[in-house]
Amino acid sequence: MQPRRPTILSFAALALCFLVVARFAPNAGAFLGQPAGVRQPAQAVQTSQAQPEALALGAAAGLLAVEPAQASLLYDEILPVSYGVAFATIWGIVLGFVLLRLQEAFPE
């Protein structure tokens, strides 16, 4: 049975790294709560709400900017690349078996 020292040391190093990052990171409060003595800055009051028409126009503009899918994209790009990848994978398996047989035929 192996001793537990490397595991404990690795967790201690991980905890130390976490504390250093949490202390000196520019956005140290992103994952940790603020200490009890620190005052929170005043929140800005939002006086205006987004209008539903503006939200609808923004969503419509995003949807209209999308270009239509090309029907020939499948035959021009996707299938030739997938055939090449499949062929290279199968050829690699074949060459692997050839090398395995060569190693068995000429042992060191």
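This briefing covers the helices, surface and side-chain contacts of one protein model. The model is predicted. The protein has 3 helices and 0 strands, and its elements run α-α-α from the N terminus on. Buried residues make up 1% of its 108 residues.

**Surface totals**
- The accessible surface of the protein comes to about 10700 Å².
- Carbon and sulfur atoms account for 68% of that surface.

**Helix H3**
- Helix H3 covers residues 73-105, which is 33 residues.
- From its first C-alpha to its last, H3 reaches 47 Å, close to the 48 Å expected at 1.5 Å a residue.
- H3 has a kink of about 30 degrees at Leu79.

**Aromatic pair**
- The model contains 1 aromatic pair. The rings of Phe87 and Trp91 have their centres 6.4 Å apart, and their planes lie at 10 degrees. The pair counts as stacked because planes under 30 degrees apart are classed that way.
- Both Phe87 and Trp91 belong to helix H3, where they are 4 residues apart, about one turn of the helix.
- An α-helix has 3.6 residues a turn, so residues three or four places apart point the same way.
- Phe87 has a relative accessible area of 57% and is therefore exposed, the cut-off being over 50%.
- Trp91, with a relative accessible area of 46%, is partly exposed, because this value falls between the limits of 20% and 50%.

**Nonpolar surface patch**
- Phe87 and Trp91 are also members of a nonpolar patch on the surface.
- Leu102 is partly exposed, with a relative accessible area of 42%.

**Salt bridge**
- The count of salt bridges in the model is 1. Glu104 forms this contact with Arg101, and the closest N and O atoms are 3.7 Å apart. That distance meets the criterion because the limit is within 4 Å.
- Glu104 and Arg101 are 3 residues apart in helix H3, so about one helical turn separates them.
- Glu104 and Arg101 are both exposed.

Notes. Residues numbered from 1 in each chain as written. Predicted model: local features only at pLDDT ≥ 70, side-chain atom pairs only at ≥ 80, totals over all residues. Heavy atoms only, no water. Helix = DSSP H or I, 4+ residues; strand = E, 2+ residues; numbered from the N terminus. Expected span 1.5 Å × (residues − 1). Bend = angle between axes of the 7 residues up to and from the residue. Phe/Tyr/Trp six-rings, centres within 6.5 Å; stacked < 30°, edge-to-face > 60°. Buried < 20%, exposed > 50% of the residue type's maximum accessible area, 1.4 Å probe, protein only. Patch = residues over 30% accessible without salt bridge, like charges linked within 9 Å, V, L, I, M, F, W, Y side chains within 5 Å. Areas by Shrake-Rupley, 256 points an atom, 1.4 Å probe, with all protein chains shown as cover. Salt bridge = Lys/Arg side-chain N within 4 Å of Asp/Glu carboxyl O.
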